[in-house]
Structures are given as C-alpha cells and as structure tokens.
Amino acid sequence: MHNDWCPGCGDFGIVSAMQMALAEMGLPRHRTVLFSGIGCSGKTSHFVNVYGIHTLHGRVLTFAQGAKLANPGLTVLAAGGDGDGLGIGAGHFVAAGRRNVDMTYIIFDNGVYGLTKGQASPTLKLGEKTKSLPSPNTNYAVNPIGLAVASGFTFVARGYAYDVRHLKDLIVAAVRHRGLAFLDVLQPCPTYNDINTRDWYAGAGCGPEQGGEGEREAAARHSRIYKLEDTDYDPEVHFSEESEVNARLSQALVKSLEWGDRIPTGVFYRNEIITPYEGRITDAIPNYAENPPAAQRIAGPGLTGTEPSTDVSALLDSLEI
Amino acid sequence: MGTDVSWLIGGPQGSGVESAANIFSRVCASVGYSVYGKREFYSNIKGEHSYFAVRVADRIIRSNVSGVTVMVSYDAETIFRHAIDMAQGGDVLYDSALDDVSTGDVRTLDGPFRARLEERLSSAGRPCTVPGALAEAAAAGASVVPVQFGALLERLAEEAGNPRLKGMKRMFNVLGVSLSLGLMRAPRGPLEDAIGAIFAKKPQVAELNKLAARIAYGRGEEIDSPCGPLAGAEKATRTMLVQGHQGTAIGKMVCGCRMQPYYPITPASDESVYLESNQILSVRGHRPGSSLVVQTEDEICAIGMAIGGALAGARSATCTSGPGFSLMAEMLGWAGINEVPLVVTLYQRSGPSTGLPTRHGQDDLLFAVHAGHGEFPRMVYASGDVEESFYDTGRCFNYAEKYQLPVIHMMDKLIASSVTTCPRFDPSRVSVRRGKLLREVPPTEGGYRRFARAEDGVSPRSVLGLENGIFWNTGDESDERGHITEDPVVRAEMMDKRLMKEGRILEEVPKEEQVASYGVRGHTVVCWGSAKGPALDAISMLKEEDGVDVGLVQVKLLWPFPAALLGSLLEDASVIIDVEANQTGQLGALMRQGLGRDPDHYISKYTGRAITCTELLGALRRIVSGKAGKREVLVHGA
C-alpha cells in the first residue's frame with residue numbers, strides 16, 4: 001500500500017524510526033503487532049510489514065491490550081495521534097497506565113486534527129491559532145508526559161519526529177521496557193500547524209541577542225529541543241521506596257512543564273520495579289505465561305477434534321441437588 | 001391437583017432475603033420439586049424493598065404465577081406491597097410486632113404506590129396500617145398468621161446461651177423461611193442441610209442458623225394450614241439448582257471462551273464475576289486452562305479487548321446490558337467489517353437510558369439487530385431460559401467462528417435473576433467447531449490474504465503471531481490483504497462477500513436451532529427469549545383447565561431473521577399472538593418486515609416486571625374467546 005501522508009509530514013520520520021527500531025531488535029515480523037488509531041497516524045500500521053491492526057478513533061489501546069493479554073508472547077506497539085489518544089481516548093490512556101501491560105504506545109503529537117482539516121487537538125496551547133482555526137484555541141492544553149506519569153505508565157519519554165536516530169533509540173528502549181511505555185513524539189504537521197513548525201522547533205525566532213538564557217541557548221543549539229541524557233537528569237527509579245518513586249515522579253512532572261525555548265526530549269521517567277499487569281494475572285493464574293488464552297487447548301482429540309476438553313464436572317456436581 | 005405453591009419472602013435490601021430464598025429453593029429442590037424463583041430488587045444497596053418469589057410444584061414449571069400462597073414478612077413494607085396479592089387459601093406469616101405500623105411510617109414506600117394502596121384500603125373502609133393491609137389478604141381468602149419474631153429470637157438467645165442474640169434481627173430471614181417450611185411440613189433434614197451448604201464457609205454461623213431454624217420450624221408446625229404438605233415429589237435424576245447467569249458462564253467455560261473483559265453493569269456482571277471466581281479450569285489430558293476475566297474502564301474497552309483477544313486466536317466474549325451495549329456499537333461494526341469472531345452476551349434490562357436498571361425487559365431486540373452504523377453481517381441469537389443458555393453459548397461461539405462475525409447472545413434480567421431446577425448440563429452435547437481457523441500458514445507467493453475471495457464469503461483465518469500469516473485489519477474498506485481501499489469495484493465485492501453470510505446462515509443453521517416449535521395450532525403464540533417460560537406454562541394451563549389447544553413457536557435466531565422458515569411454520573396458524581416484555585412488540589416488527597404478516601394480537605408487558613403465566617393465561621383466554629383487542633397489556637407485580 002502506498003503512503004499518502006503530505007510531503008514533509010513528521011509522520012515519515014516516526015515510521016522510519018519504527019522500522020529501524022524493529023530491524024535493530026531483530027524481532028520476528030510475525031510475532032510483532034502494530035495497532036493504530038484513527039487519523040493520519042492511524043495509517044501507520046499499513047506502512048510497516050508486521051501484523052497491522054488499524055482500529056477506531058481513541059480505542060487503539062483497548063485492542064492492543066486485549067491481544068497482548070491473550071498472547072503475551074507478542075511484541076505489541078500501539079500508535080495514534082494526540083487527538084486520538086488524549087482527546088477521545090483519554091479515558092483508555094489513563095486506565096492503560098493503571099494497568100501497565102507490557103507494551104509500547106507512541107503518540108504522534110502535532111497539535112491538530114490533520115485528517116479532518118486542522119481543528120485544535122488537546123495538545124494545542126491556549127490562545128494559539130493554527131492555520132485553519134476560525135479563532136484562537138479556547139482550551140488549555142493537556143500535558144501528555146505529565147498525564148502519563150500521573151496515570152502510572154512506567155516508561156515515559158519524548159522524541160522528535162525529525163531526529164530519527166534518537167527516536168529510534170527511544171523506541172528500542174520503550175519496547176524493551178518491561179511494562180507500559182509511552183512515547184510522546186513531537187511531530188510537525190506542515191499542512192495545518194503553522195505555529196509548531198520544523199523551523200520553530202529548529203529555533204526560529206530565537207536569536208543570540210534576544211531575550212533570556214533559554215532563547216540564547218536555543219539559538220546556539222539551532223534548536224529549541226534538547227536531550228535529557230545530555231544533562232544530569234536521571235529518570236530511573238532505582239529502588240523500591242515510596243520516597244524514591246515520588247521523587248522521580250515529581251521530577252518528571254516538573255520537567256514535563258518545560259516548553260518554549262527549551263523543550264526536553266529523552267526519557268522522563270522509568271520504573272521497572274513495578275510488576276507489569278501480566279505479573280498480577282500470574283498471581284491468580286499460575287500458568288498464565290505458558291498457557292495464555294490464545295494458546296489453550298479447548299477441544300480434542302488432536303488439534304481439530306470437536307469435543308470440549310474443559311472438565312466442569314466438579315462445578316456441575318456442586319450445583320446438583 | 002398436585003403441589004403448586006407460590007412462596008414469597010420480602011425485606012429491606014441487605015436483610016438476607018436472597019439467602020432465605022436460596023434455603024427455601026434448595027430444600028424444595030432437594031425433595032424433588034420443580035422450582036422456579038425470581039428476585040426483584042431496587043437499584044439500591046441497602047434499605048429498599050426486595051423480594052423473592054419462588055414457585056414450587058410437582059411438575060415442571062417455568063414461570064411465576066400471580067398470587068402468593070405463602071408469604072413470609074418480617075417487615076411492614078412486604079405486607080404493604082404483597083398482602084394485596086395473596087391467593088385464596090394462602091397464609092401470611094408476619095411479625096406481630098408490626099401491628100402498629102402505618103403506611104406513613106415506611107419511608108421506602110414510594111409515593112405512587114402508597115397513594116394507590118391507601119386509596120384501595122380507604123375505599124374498602126380499612127385503616128392504612130399493617131392490620132388494614134392484612135385484612136385485604138384475609139378478604140381474598142388467605143389466613144393471617146401473627147408470629148412473634150422477637151419471641152423466637154429470645155428463645156434462640158436462651159438456647160444458645162447468648163443473651164445478645166435477642167436483638168439479632170439479622171436472623172429474621174432464617175427464622176422466616178424455617179417458619180414457613182414448618183407450616184408446610186417440609187422434611188426437616190433438608191432444611192438443616194441447606195443451611196449447612198449455604199453457610200459452608202462459616203461453620204459457627206451455620207450452627208447458629210440451624211438452631212434458629214429448628215426453633216422457627218417447630219413454631220411453624222404448630223400452625224394449622226391448608227398449604228402443603230411439601231412432603232416431596234418424585235425426584236428427577238441429575239437435577240441442578242442453578243442461577244440465571246450460570247448457564248452462559250458454564251457454557252463459556254465448556255466451549256472454550258478464554259477471555260472475557262467486562263465492565264460492571266446490572267444484570268450482566270454476575271456472569272463475569274462467576275467466571276472469574278472459577279477461573280482455573282480443569283482440562284482433560286492437558287495442563288489446567290483458565291478464563292482471563294478483565295474488569296475494564298468502560299464497555300468500549302471491554303469489547304475492544306475482546307476483539308484483540310479474538311484476533312490473537314482466543315475464543316473471546318464480553319458480557320453487558322443495554323447501556324453498555326450502546327457504547328459498544330461502533331466496535332461491533334469494526335468486528336463486522338474485519339470479520340472477527342466475537343460473542344457479546346447481552347443481558348437486557350428495561351431501558352431507555354438507565355431506565356429501570358434492575359428490572360426486566362426485552363427492549364433491545366431491534367437495537368441488537370441494528371446496532372452500529374453501516375451494513376455488516378451479524379447474528380442475534382436468544383435463549384429462552386437458563387438451560388437453553390448453556391447449550392446456546394456453545395452454539396454462539398461456533399457460529400461466530402464458522403461465519404467470522406459478531407454474535408449477540410440475547411439474555412435478560414428475568415433469566416439473570418431466576419433460580420430454577422433444571423436437568424444437569426451435559427457438556428458432551430456441546431461441540432467446538434472453529435470453522436476456517438488456520439493452525440499454520442504455508443508460505444505462498446504474494447503472501448497470505450486474510451480476506452481472500454471465497455465462495456461462501458468466509459476466508460481462511462490466520463491469527464496474530466502465526467508465521468506467514470501476517471495480515472492487516474482496518475475499519476476502512478479494505479482489499480484482500482486488509483489494506484485500505486476506496487476502489488468502487490473492490491468495495492462492492494467486499495460488501496457482497498461479507499453480507500452473503502447472512503443468507504448462508506439461514507440455509508445452513510439447523511432449523512431447530514433457528515426456531516423452536518412446540519406445536520402450531522389455529523391460535524399460535526410467537527415469542528422470543530424469556531417470554532418462553534410463561535408462554536409454555538400458560539398454554540399448558542389453558543389446555544388443562546379449558547381444554548383449549550394453543551400453539552407456541554419460540555424464535556431463537558432473530559437475525560438474520562428466519563422469515564421463510566417462520567412463515568411456512570405459521571401457515572396453519574390463523575391467529576398469531578405475539579408475547580413480549582416490551583411496549584412496541586419488536587418481534588412483531590421483524591415479522592411484519594420479514595413475513596409481511598402482522599401478528600393478530602400483541603400481548604405486551606413493560607412494567608419492568610416479568611410476565612406471570614397467570615396473567616398471560618388470562619390474556620390468552622380473552623383472545624381465544626374473541627373478547628380481546630389487538631393489544632393486551634399486562635401489569636401484574638410489585
């Protein structure tokens with residue numbers, strides 16, 4: 001299937017980074033599933049040669065979690081837009097964070113609803129008026145990193161669509177993370193977002209002679225964006241104590257508020273100490289990992305027999321009178 | 001005339017009405033009676049009026065009757081609500097300490113009911129008090145038996161050597177049920193056995209309750225009563241006493257449903273909770289299996305997860321009621337266009353919106369048939385009772401996989417909240433047929449095509465994780481591989497591919513699985529779902545009591561609608577009578593659309609209460625004798 005994104009779309013960088021990450025990890029194609037939501041980013045699953053499930057607006061995480069829980073041997077990635085995941089799908093976003101199923105969720109964050117011609121999305125800042133808005137945005141923006149941290153995602157990071165190599169590294173780290181990983185990818189929409197453009201991210205408007213320290217730094221870097229790993233920021237929860245966890249959570253939340261002249265990318269928060277949801281299932285179903293729903297023998301004899309294999313006689317005995 | 005007792009216990013929600021009814025049902029079932037009970041309750045946790053009406057007979061019964069033979073009341077509200085429904089020759093056992101209570105003292109007696117009751121009592125010249133309401137029962141020919149529940153507690157305290165028990169009003173439920181069993185001279189042994197079984201996990205509580213039961217039973221025996229004796233009946237072999245949600249739950253275990261995400265909703269969640277409580281499954285000759293039950297954040301996630309599980313190859317379902325099903329509609333279409341085998345168990349209740357959240361209704365037939373935008377194939381299949389629902393569950397999963405589509409299994413609140421005897425479920429009558437599910441995919445040039453053109457509209461189905469089996473799905477129209485297309489020719493081909501399944505279903509599903517005929521006569525009842533129970537009982541009463549033979553046809557496959565089959569079955573019926581628990585007659589609408597034949601009469605009930613066989617019998621009598629209008633509306637029940 002040919003790719004029909006607009007020329008110069010940030011989505012190209014993201015899909016390239018995904019492909020590079022999957023290739024680097026050497027995951028078998030047939031053990032990998034890419035779920036996607038609705039919108040421009042929703043088409044991503046058609047552009048990668050692994051199982052691709054293009055779902056419904058806002059609902060991508062529901063399908064993805066179901067598949068992963070039925071067959072935990074799969075590597076599951078979910079992708080969608082900011083409107084998809086943080087607007088209509090925000091309830092699922094929060095609930096997925098609480099659950100912490102071992103998979104990766106990537107949001108293509110461009111501040112607009114592209115496929116419906118540029119309405120304001122939940123990440124567009126208050127008062128901004130992108131190209132096709134009749135009037136400036138009347139809502140405050142949601143903070144994706146902050147929301148992920150508050151919801152319980154155990155790996156929270158941000159990438160930039162035009163820094164493909166860095167984004168690839170983040171995707172690899174997210175997929176390898178044991179638990180639910182969230183990746184907020186800043187993705188310029190060249191057609192409808194004429195504020196947060198590629199040039200804007202590259203520091204347009206910031207000059208060495210201008211304003212404060214942030215602007216001068218951005219001008220020197222030729223980018224508003226900087227990498228947390230280039231600073232002394234440590235996202236990792238190192239030991240299982242409430243004070244440690246709270247310190248890392250609040251640090252990530254504070255860091256997520258930086259915007260404008262200095263936009264951090266990289267890993268904001270990582271906690272591998274928390275057991276993924278699959279571990280909690282195993283507490284109730286001891287052989288869940290070896291014998292998950294999709295692998296179970298439900299009939300016999302042999303693979304194609306039609307006699308039910310489940311023996312409910314004890315239950316029926318208990319109901320007999 | 002053999003035994004046919006209608007027993008009722010009521011009390012504030014949380015006072016043990018259900019435990020008492022379980023004890024009564026177990027006792028009666030264990031001595032060989034056929035039992036049919038249903039629970040009525042408010043959308044409330046504690047305090048509002050709930051009651052359990054249990055009918056017991058020495059022949060198979062499938063519904064409740066109007067009129068109570070034995071009523072157990074330890075609170076005034078039960079008397080106010082049900083004394084006016086006593087049958088001639090019945091007994092009201094009540095706590096004489098309630099004699100001073102008037103209607104105005106009962107906070108939970110809602111305005112409209114109180115007004116109707118007070119008007120009735122006043123016009124009969126009676127006070128609006130417990131004795132006034134009891135006088136109505138007496139006027140109907142019932143005996144009113146005052147019992148000092150407090151005195152029974154005092155004796156219990158004395159015999160147990162624990163003075164604190166004097167104030168233990170929580171024991172009223174066990175005292176009440178035991179009193180009534182004593183009154184009806186039921187065998188004592190099964191009573192203590194039932195208490196032992198119900199309190200199996202709390203031996204001390206069981207012992208105390210047994211002592212209370214002995215005391216109350218003895219008091220009951222002192223009462224002269226025409227009701228009973230419940231000496232016992234010939235016991236059918238291998239009988240179970242089951243609750244409404246157990247048919248679909250055990251059906252899911254047996255047929256291999258291994259994944260059930262759900263969101264809590266009355267009356268559907270009992271099924272999921274039961275599945276989870278019994279989630280480790282014994283599997284013959286293999287390691288243990290399990291049902292993965294996930295409580296989700298909403299019904300949209302529930303069905304989304306179930307679809308994800310189905311894509312991964314697990315038999316998957318979700319279980320909900322009307323409001324939840326409304327939220328699932330968009331997902332249903334996704335499953336339809338992507339040909340996902342999925343079962344949605346839909347326990348209906350009264351709508352619209354929140355409606356009567358804990359009450360019965362068959363309101364959602366047409367919604368199930370039409371839910372979701374666009375045109376896609378689906379099956380809507382309805383069970384008539386708990387026993388059927390066990391076998392139907394296996395069928396629904398087989399249909400879902402054979403035809404690769406969503407199947408909506410219609411149940412309802414009446415079935416969900418019923419407790420009934422039925423023959424032990426026979427898992428050997430269930431088969432697991434997975435259709436064109438691929439276990440492996442040979443490598444082919446050009447790769448696997450999930451939606452490859454197929455003569456029967458059904459393509460071989462790969463699942464996530466299968467080598468060479470990679471496919472794409474999309475809610476957009478797609479080509480054979482599952483990639484988006486807007487090509488007009490492919491679009492039309494894909495629409496035809498999917499929708500041809502409905503025709504094949506009507507051709508291939510055995511006729512007896514589509515429609516259950518209990519005989520077609522000049523006058524024939526058509527029904528679906530739980531209306532089957534009262535309909536079967538009413539037509540057998542009509543035959544026994546009046547010698548009038550009325551036919552009955554129960555439609556099980558509601559979509560695709562078996563119009564041709566039903567039309568030919570009903571050829572010899574000159575008068576068709578549609579019986580449904582809804583306002584508009586939704587099966588009738590499908591008949592008008594599919595058969596071009598409008599049922600001659602509609603018997604409808606939409607009070608949120610189940611149809612009793614007694615009121616249905618009345619309506620049928622009016623129809624058979626030519627005294628009925630087009631529409632007969634039933635209203636019995638508190």
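The model is predicted. Its largest nonpolar core has 101 residues, and helix H11 (residues 299-311) of chain B gives the most to this core. An open sheet of six strands is found in chain B, and the count of disulfides over all chains is zero.

**Strand S8 of chain B**

- Strand S8 (residues 257-262) of chain B is largely enclosed by the rest of the structure, because six of its six residues are buried.
- S8(B) is joined to strand S12 (residues 315-320) of chain B by two bridges, and the two strands run parallel.
- Within that pairing, Cys257(B) has Arg315(B) of S12(B) as its bridge partner.
- Strand S11 (residues 292-295) of chain B also runs parallel to S8(B), with four bridges between them.
- In S11(B), Gln295(B) is the residue opposite Tyr262(B).

**Nonpolar cores**

- In the largest core, of 101 residues, those with the most contacts inside it are Phe35(A), Leu69(A), Ile307(B), Leu464(B), Leu558(B) and Phe561(B).
- Helix H11(B) supplies nine residues to this core.
- Another core, of 56 residues, lies apart from it, and includes Leu93(B), Leu156(B), Leu175(B) and Ala194(B).
- Leu69(A) touches residues of chain A, including Val101(A), Tyr277(A), Glu278(A), Ile281(A), Tyr288(A), Pro292(A) and Pro293(A), leaving aside residues up to four places away in sequence.
- On chain B, the contacts of Leu69(A) include Met259(B), Leu292(B), Val294(B) and Met305(B).

**Cysteines**

- A disulfide is a covalent bond between the sulfur atoms of two cysteines.
- With sulfur atoms within 2.5 Å as the criterion, zero disulfides are counted over all chains.
- The sulfur of Cys301(B) is too far from any other for a bond, because the closest cysteine sulfur, in Cys319(B), is 16 Å away.
- Cys319(B) is likewise in no disulfide, and its nearest cysteine sulfur, that of Cys257(B), lies 10.0 Å away.
- Cys301(B) is buried, with a relative accessible area of 0%, and Cys319(B) is buried with a value of 2%.

**The six-stranded sheet of chain B**

- The strand order of this open sheet is S18-S20-S19-S22-S23-S24 (chain B), and the pairing is mixed.
- Strand S18 (515-517) and strand S24 (631-634) of chain B stand at the edges; each has a single partner strand, so one side of each is left without a neighbour in the sheet.
- On average, neighbouring strands of the sheet are turned by 20 degrees against each other, direction ignored.
- Strand S19 (residues 523-527) and strand S20 (residues 551-555) of chain B run parallel and are joined by four bridges.
- Gln554(B) in S20(B) is the residue opposite Cys527(B).
- Helix H20 (residues 586-595) of chain B packs on the sheet and touches S19, S20, strand S22 (575-580) and strand S23 (601-605) of chain B.
- The direction of H20(B) makes about 140 degrees with that of S22(B).

**Leu620 of chain B**

- Leu620(B) lies in helix H21 (residues 613-624) of chain B.
- Leu620(B) counts as buried, because its relative accessibility is 0%, where the limit is under 20%.
- Leu620(B) touches Val525(B), Ala538(B), Ile539(B), Leu542(B), Ile577(B) and Ile603(B), not counting residues up to four places away in sequence.
- Leu620(B) and Ile577(B) are 43 residues apart in sequence, and their C-alpha atoms are 8.5 Å apart in space.

Terms used
Residues are numbered from 1 along each chain as its sequence is written. Chains are lettered from A and ligands numbered from 1 in the order in which they are written. This is a predicted model: local features need pLDDT of at least 70, side-chain atom pairs count only at pLDDT 80 or more; totals for chains, interfaces and linings use all residues. Side-chain values use heavy atoms; hydrogens and water are left out. Buried means under 20% relative accessible area, exposed over 50%, partly exposed in between (1.4 Å probe, protein chains only). Two strands pair if DSSP finds at least two bridges between them. A nonpolar core is a set of buried Ala, Val, Leu, Ile, Met, Phe, Trp, Tyr and Cys residues joined through side-chain atoms within 4.5 Å. Contact means heavy atoms within 4.5 Å. Axes are lines fitted to C-alpha atoms, for helices over the stretch in contact, and angles run from 0 to 180 degrees between N-to-C directions.
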